Amino acid sequence: MEEIQSQSENYRSSSSSASSPASRVPSSNFFYLRKQGALRQPISFEDSPDWEDNTDVEVRVEEGGGDSINTATTPISPSLSKLNSGSLPSPPLPEGAVVARKIAGAAVVWKDLTVTIKGKRKYSDRVVKSSNGYALPGTMTVIMGPGKSGKSTLLRALAGRLDDSAKTYGEVFVNGAKSRLQYGSYGFVERKNTLIGSLTMREFLYYSALLQLPGFFYQKKSVVEDAIHAMSLGDYANKLIGGHCYMKGLPSGERRRVSIARELVMRPQVLFIDEPLYQLDSVSALLMMVTLKKLASTGCTLIFTIYQSSTEVFGLYDRICLLSNGNTLFFGETLACLQHFSNAGFPCPIMQSPSDHFLRAINTDFDRIITMCKTWQDDNGEFSNVNMDTAVAIRTLEETYRSSADAAAVETMIHRLTEREGPSLKSKGKASSATRIAVLTWRSLLIMSREWKYYWLRLILCMLLALCVGTAFSGLGHSLSSVGTRVAAIFVFVSFASLLSIVGVPAQLKEVKVYACEDSNQHSGGIVFLTGQILASLPFLFLISISSSLVFYFLVGLRNDFSFMMYFVLNFFMCLLVNEGLVLVVATILQDVFWSISTLVFIHVMMMLSAGYFRIRSALPGPVWMYPVSYIAFHTYSIQGLLENEYDGTSFAVGQVRTISGYQALHNVYDISPDDYSKWRNLLILALMALAYRVLVFLLLHFCVKKNSSLFRFVCCKLKMNE
């Protein structure tokens with residue numbers, strides 16, 4: 001008990017004294033420290049804390065234009081080997097033995113990289129400030145820091161994926177040349193998973209491979225299997241990602257690995273990952289990092305951001321770029337970072353995770369906690385000892401790093417990696433547009449066949465609606481007195497069947513999000529997405545239209561002629577196609593389920609009021625209702641065409657001598673045209689409206705979807721600044 005109490009006192013005293021410049025003396029109680037000149041290799045927390053000086057690290061670019069970069073050769077740590085292999089460690093190698101590894105990856109170097117985004121920060125537009133660093137093949141380089149420190153911005157700057165509003169200064173080198181990474185040479189994994197829950201993991205990766213890679217279908221199966229094996233997903237290959245009513249979907253850790261596997265089908269030489277441990281527990285996080293460590297051992301250059309990690313995960317990193325408010329506080333190997341903090345007067349306590357200690361020292365949000373703790377005393381008064389000044393710690397760490405040998409070593413390495421150009425990364429071939437359209441069409445058809453909540457439920461609801469309306473208006477007959485009731489039946493059927501399309505809003509939003517993810521990685525395009533979406537929806541919409549139309553048609557007792565019946569089906573099909581485009585437009589603009597559904601209900605009510613049933617169109621008020629609402633309401637043209645189809649060429653007896661035409665019978669009930677071709681003109685207008693909505697969606701996908709995430713981040717940043 002006395003020993004434990006002593007360690008606890010050392011831990012608290014180190015936290016309270018770390019901010020004091022006078023107390024910057026390394027303590028022997030912190031086993032993360034190393035001696036000067038000791039081996040810089042990933043920390044093995046199971047090995048002895050006394051690091052021996054037995055090797056050095058060297059990176060060299062081959063003379064004579066070789067096609068590879070030979071990276072460092074270091075002795076293998078037994079505990080790290082056990083983590084990477086998932087089995088018992090191999091027998092120790094003889095002293096001085098090295099493992100040579102030939103890398104086919106790419107070396108990424110950034111020099112004096114500065115990124116400015118207007119309105120991103122409260123006091124300055126510079127999100128990343130003069131950052132220097134490098135990432136070598138076969139290694140994992142992590143960008144670490146607290147929230148709003150510029151981690152994701154730096155990652156996107158290296159990948160060339162910043163928004164148009166961002167301005168970049170400085171240089172980025174790939175194998176010693178100033179060039180952007182080409183298509184297929186790199187992969188980028190977003191923070192949030194954008195997957196298709198109704199597909200199995202193998203199906204999802206296979207369709208991704210078909211969208212990305214040229215060549216024949218059978219050639220891509222081996223690529224998919226390699227990606228599954230690389231991410232250790234063999235046990236989940238045939239499971240649905242989102243599951244169904246009788247089976248759970250993939251856990252969050254496996255979903256994250258599926259997102260990474262999607263980028264691996266291109267076999268990239270550089271892989272960027274934004275928060276690979278996002279929303280993962282400690283076990284899933286360790287499994288993820290061990291998997292990425294295996295991936296790096298194949299030669300891939302891994303660069304990713306991390307907010308916080310456990311001690312075991314921290315030991316797997318090769319290099320760390322530590323940021324705070326855009327400033328680089330350290331760049332180098334993991335063990336050197338611990339030594340850097342110790343030299344600056346902030347040694348890591350023995351019972352604390354290194355990443356926790358780093359964030360504790362440089363996260364300005366802890367100032368709020370310190371202020372609270374100064375006025376809050378518990379029974380033992382422990383919280384009063386937390387008095388580190390974060391601003392002083394950040395300035396001290398930054399100044400210490402600038403004058404350290406680590407910063408000089410980084411500059412030397414950058415110079416050596418950029419003084420001679422290596423092999424350039426060539427762009428890989430893409431799948432043709434026709435292939436992508438076919439793949440998206442087939443994938444959408446498969447999704448529709450499995451999404452019973454959004455597609456088959458909609459079909460059932462339309463059938464029930466047709467049954468309810470048909471039975472409510474059955475037995476009308478064909479007399480003059482039934483004209484008004486028949487108009488009401490057609491209006492109710494068209495209006496409410498269109499309103500039921502709102503059920504498909506969540507599915508449409510999923511498609512838009514999947515498109516945004518695939519388009520950002522150049523796997524898809526606006527025209528390809530829309531063409532595939534239309535082709536896939538045609539069979540489903542036609543199934544809804546013909547099934548519900550026939551039920552309604554025969555129950556109400558409309559004209560008993562095959563040509564008139566087929567026009568009714570075709571008209572209702574075009575009505576659904578237009579409405580599908582309207583739903584896609586609203587979902588693309590708002591990208592939120594609640595607001596999309598609310599907006600669509602309001603739009604449908606407006607269109608129903610101006611369609612000419614509640615009040616004849618010619619009698620509607622001119623501003624707003626007549627122009628433009630009644631002209632952009634597809635209900636108007638659909639109902640008008642169906643009534644013209646029903647009453648064109650018909651006549652009704654008035655008394656024993658006089659007869660009136662169907663047009664005259666409808667004159668006081670609904671506005672229709674006496675022209676024989678008017679119903680076909682209305683059908684053409686519906687087709688043009690369906691096309692116009694798709695063109696509008698294409699423009700929105702280009703201007704709205706790509707900038708939606710950056711606009712959302714900008715608004716959130718402004719709101720936090722106002723608070």
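1. Let's start with Asp318, which in this predicted model is buried, at a relative accessible area of 12%. The cut-off for calling a residue buried is under 20%, so Asp318 falls in that class with its 12%. In the chain, Asp318 sits in the loop that links helix H8 (311–314) to strand S12 (319–324).

2. Four strands make up an open sheet with antiparallel pairing, and their order is S5-S4-S7-S8. At the edges are S5 (126–135) and S8 (177–178), each of which pairs on one side only. Strand S4 (residues 108–117) and S5 run antiparallel and are joined by six bridges. Within that pair, Val115 is found opposite Val128 of S5.

3. Two helices pack on this sheet. Helix H3 (residues 151–159) touches S4, S5 and strand S7 (166–174), and its direction makes about 120° with that of S4. Helix H13 (residues 405–418) also touches S4, S5 and S7; the angle between its direction and that of S5 is about 70°.

4. How many residues does the largest nonpolar core have? The count is 114, and Phe272, Leu292 and Tyr317 have the most contacts inside it. Helix H4 (residues 201–212) supplies the largest share of this core, with eight residues. There is also a second, separate core of 77 residues, with Ala466, Ala633, Ala665 and Ile672 among its members. As general background, nonpolar side chains in soluble globular proteins tend to be buried together.

5. A friendly word on confidence, to close. The chain has a mean pLDDT of 79, with 78% of its residues at 70 or more. Which elements of the chain have the lowest and the highest mean pLDDT? Helix H2 (residues 78–85) is the lowest at 35, and helix H20 (residues 593–609) is the highest at 95. Over residues 1–103, pLDDT stays under 50, and the model has 166 contacts beyond four places in sequence for that stretch. Residues 379–387 likewise stay under 50, with 13 contacts beyond four places in sequence.

How values were computed:
Residues numbered from 1 in each chain as written. Predicted model: local features only at pLDDT ≥ 70, side-chain atom pairs only at ≥ 80, totals over all residues. Heavy atoms only, no water. Pairing = 2+ DSSP bridges. Contact = heavy atoms within 4.5 Å. Axes fitted to C-alpha atoms, helices over the stretch in contact; angles between N-to-C directions. Buried < 20%, exposed > 50% of the residue type's maximum accessible area, 1.4 Å probe, protein only. Core = buried A, V, L, I, M, F, W, Y, C linked by side-chain atoms within 4.5 Å. pLDDT = per-residue confidence, 0-100.
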